[in-house]
Amino acid sequence: ERIEIRTDVMMGKPCIRGTRIPVYLILQKLAAGEAPEQILGAYPQLKPEDIQACLQYAANLALEEVVLAEA
């Protein structure tokens, strides 16, 4: 509910609902070591639940990933 995909916003990249902030940007910042508090300070329109939703979105993608083994 906090993530949306709209073809008319950021070329269809998943974004935080009601913003143009893509999920990948938040995930990259977290992976680079930025604390959630730093991200929230840089993007005051975000809420802590938005960051959590980005992490859950990434977890769901990893869960659904299928690796085909060679026979």
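Q: What share of the contacts in the chain with a separation of 6 or more comes from residues 24 or more positions apart?
A: This is a predicted model, where local features need pLDDT of at least 70 and side-chain atom pairs count only at pLDDT 80 or more, while totals for chains, interfaces and linings use all residues. Residues are numbered from 1 along each chain as its sequence is written, and side-chain values use heavy atoms, with hydrogens and water left out. A contact means heavy atoms within 4.5 Å. Among contacts with a separation of 6 or more, the share from residues 24 or more positions apart is 34%.

Q: Which pattern does the chain follow, read along the sequence?
A: Helices (H or I, at least four residues) and strands (E, at least two) are DSSP runs, numbered from the N terminus. The chain has 3 helices and 2 strands. Read in sequence order, they give β-β-α-α-α.

Q: Is Thr19 buried or exposed?
A: Thr19 sits in the loop between strand S2 (15-16) and helix H1 (23-31). Buried means under 20% relative accessible area, exposed over 50%, and partly exposed in between (1.4 Å probe, protein chains only). With a relative accessible area of 15%, Thr19 is buried.

Q: What about Gly18, buried or exposed?
A: Gly18 is also found in the loop between S2 and H1. Its relative accessible area is 70%, so Gly18 is exposed.

Q: Why do the buried residues of H1 lie on the same side of the helix?
A: The residues in question are Val23, Ile26 and Lys29.

Q: How are H1 and H3 oriented to each other?
A: Axes here are lines fitted to C-alpha atoms, for helices over the stretch in contact, and angles run from 0 to 180 degrees between N-to-C directions. H1 and H3 pack at about 95°, with axes 9 Å apart. Angles under 35 degrees count as roughly parallel, over 145 as roughly antiparallel, 65 to 115 as roughly perpendicular and the rest as oblique. H1 and H3 are therefore roughly perpendicular.
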